[in-house]
Amino acid sequence: QLQASGGGLVQPGGSLRLSCAASGRIFSSNVMGWYRQFPGKQRELVARIFMGGGTYYADSVKGRFTISRVNAKNTVYLQMNSLKPEDTAVYYCNTVPARVADWGQGTLVTVSS
């Protein structure tokens, strides 16, 4: 499984950095992504990063979130800046496309004053 961490409560306009450590089996040669899930909704992909460092962002987070990876550490990060209340969700990491068996518990991000 993939374990995301770093979530918490932050005020609007604030920042958080999420981390996700993966096994080499999962991480190597795979596109990695960060997903989020709002209550009652399906998970949505917000950012992905290729082995070579190329990235993709959903329009809702473009310019505010930055995904990165350290291949030697099998770790992927999500730097979230200028957070908005509508970013409140549980955030997960997984490969892209996602592997059902590798969903972890996610980390809750709450943006509120």
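Residues are numbered from 1 along each chain as its sequence is written, and side-chain values use heavy atoms, with hydrogens and water left out. Because the model is predicted, local features need pLDDT of at least 70 and side-chain atom pairs count only at pLDDT 80 or more, while totals for chains, interfaces and linings use all residues.

**Stop 1: the four-stranded sheet**

Select β1, β3, β8 and β7, which form an open sheet in that order with antiparallel pairing. Strands, like helices, are DSSP runs numbered from the N terminus (E, at least two residues, for strands; H or I, at least four residues, for helices). Two strands pair if DSSP finds at least two bridges between them. β1 (3–5) and β7 are the edges; each has a single partner strand, so one side of each has no neighbour in the sheet. Neighbouring strands here are turned by 15° against each other on average, direction ignored; axes are lines fitted to C-alpha atoms, for helices over the stretch in contact, and angles run from 0 to 180 degrees between N-to-C directions.

Next, keep β7 and β8, an antiparallel pair joined by six bridges. Phe-65 stands opposite Met-80 in β8.

**Stop 2: the six-stranded sheet**

Now select the open sheet with the order β2-β10-β9-β4-β5-β6, in which the pairing is mixed. Its edge strands, β2 (8–10) and β6 (55–57), each pair on one side only. The twist averages 25° from one strand to the next.

Centre the view on β4. Five of its six residues are buried, so β4 is largely enclosed by the rest of the structure. Buried means under 20% relative accessible area, exposed over 50%, and partly exposed in between (1.4 Å probe, protein chains only). With β9, β4 pairs in the antiparallel sense over six bridges; the partner of Trp-34 in β9 is Cys-93. With β5, β4 pairs in the antiparallel sense over five bridges, and Arg-36 stands opposite Glu-44 in β5. β4 and β5 form a hairpin with six residues between them, and Gly-40 in the turn has a positive phi of about 75°.

From β5, step to β6: three bridges join these antiparallel strands, with Ala-47 partnered by Tyr-57 in β6.

**Stop 3: the disulfide**

Select Cys-20 and Cys-93. They form a disulfide with sulfur atoms 1.7 Å apart, and the structure holds one disulfide; the cut-off is a pair of cysteine sulfur atoms within 2.5 Å. The link is right-handed, with 45° about the S-S bond. Cys-20 lies in β3 and Cys-93 in β9, so the pair ties together parts that are 73 residues apart in sequence. Both cysteines are buried.

**Stop 4: the nonpolar cores**

A nonpolar core is a set of buried Ala, Val, Leu, Ile, Met, Phe, Trp, Tyr and Cys residues joined through side-chain atoms within 4.5 Å. Show Trp-34, Ile-67, Val-76, Leu-78, Met-80 and Tyr-91, which touch the most other members of the largest core, a set of 28 residues. Among the elements that each supply at least two residues of this core are β3 (16–21), α1 (24–27), β4 (32–37) and β10 (107–111). Another core, of five residues, lies apart from it and includes Tyr-35, Tyr-92, Val-96 and Trp-103.

Then take Val-76 alone. Leaving aside neighbours within four places in sequence, Val-76 is in contact (heavy atoms within 4.5 Å) with residues including Leu-18, Cys-20, Phe-27, Trp-34, Ile-49, Ile-67 and Cys-93.

**Stop 5: two loop residues**

Select Arg-64, in the loop between β6 and β7. Is Arg-64 buried or exposed? At 10% relative accessibility, Arg-64 counts as buried. A polar contact (N or O atoms within 3.5 Å; within protein, one able to donate a hydrogen and the other to accept it, with residues adjacent in sequence counted only if both atoms are side-chain atoms) of 2.7 Å joins the side chains of Arg-64 and Asp-87. The backbone oxygen of Ser-60 lies 2.8 Å from a polar atom of the Arg-64 side chain.

Finish at Asn-71, in the loop between β7 and β8. At 33% relative accessibility, Asn-71 counts as partly exposed. Its side chain makes a polar contact of 2.7 Å with that of Arg-69. Not counting residues up to four places away in sequence, Asn-71 touches Phe-27 and Met-51. Asn-71 and Ser-28 are 43 residues apart in sequence and 7.6 Å apart in space, C-alpha to C-alpha.
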